[in-house]
Amino acid sequence: MKLSKVDLSSLLAIAHSDGYLQLLLDRGDELEFLEIPAPIQAYEGLQELNEIIAETHALAFEEEPIAMLPVSSTMAAAVGYDRDECILQVEFQNGAIYQYSGVEPETWEDLHATDSIGKFFNDEIKGRYECDRIDNTDGYCY
């Protein structure tokens with residue numbers, strides 16, 4: 001068996017959809033979104049690896065920002081989800097960033113898979129979940 005050293009420090013988020021492993025990479029001055037053909041097991045393996053690494057490096061707790069995935073939408077520029085806290089984060093095209101509390105994982109998965117982020121947001125998120133604007137203290141919930 002040959003072992004290779006792997007540096008995944010620029011990997012911000014992963015997802016799997018329609019037979020593709022989706023990766024969000026931090027390239028320093030920009031984010032890069034890649035899709036690689038891969039079975040769901042590749043996604044599950046990376047999640048398991050992340051859990052193993054997290055357990056071995058019990059460092060002081062520091063809140064991590066929610067990794068955002070760029071989306072093609074006239075309403076939103078990016079969306080992200082914290083599965084542990086059930087928080088949906090939406091960055092709107094106008095730059096406002098809101099977090100919606102109590103959003104079920106299934107709702108996130110449906111949002112992530114929809115053809116129309118704006119329609120899904122208006123039908124399933126807006127007005128149904130408690131929200132906070134996090135980029136500015138002044139503002140109302142969408």
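Tutor: Strands here are DSSP E runs of at least two residues and helices are H or I runs of at least four, numbered from the N terminus. Keep in mind that this is a predicted model, where local features need pLDDT of at least 70, side-chain atom pairs count only at pLDDT 80 or more, and totals for chains, interfaces and linings use all residues. Residues are numbered from 1 along each chain as its sequence is written, and side-chain values use heavy atoms, with hydrogens and water left out.

β5 (residues 76-82) and β6 (residues 87-92) pair in the antiparallel sense over 6 bridges; to count as paired, two strands need at least two DSSP bridges between them.

Now look at β4. β4 and β5 also run antiparallel, joined by 2 bridges, and they make a hairpin with 5 residues between them. P70 has A78 in β5 as its bridge partner.

How enclosed is β5 by the rest of the structure? Largely, because 5 of its 7 residues are buried, meaning under 20% relative accessible area with a 1.4 Å probe and protein chains only (over 50% is exposed, in between is partly exposed). So β5 pairs with β6 over 6 bridges, is joined to β4 by 2 bridges, and is largely enclosed.
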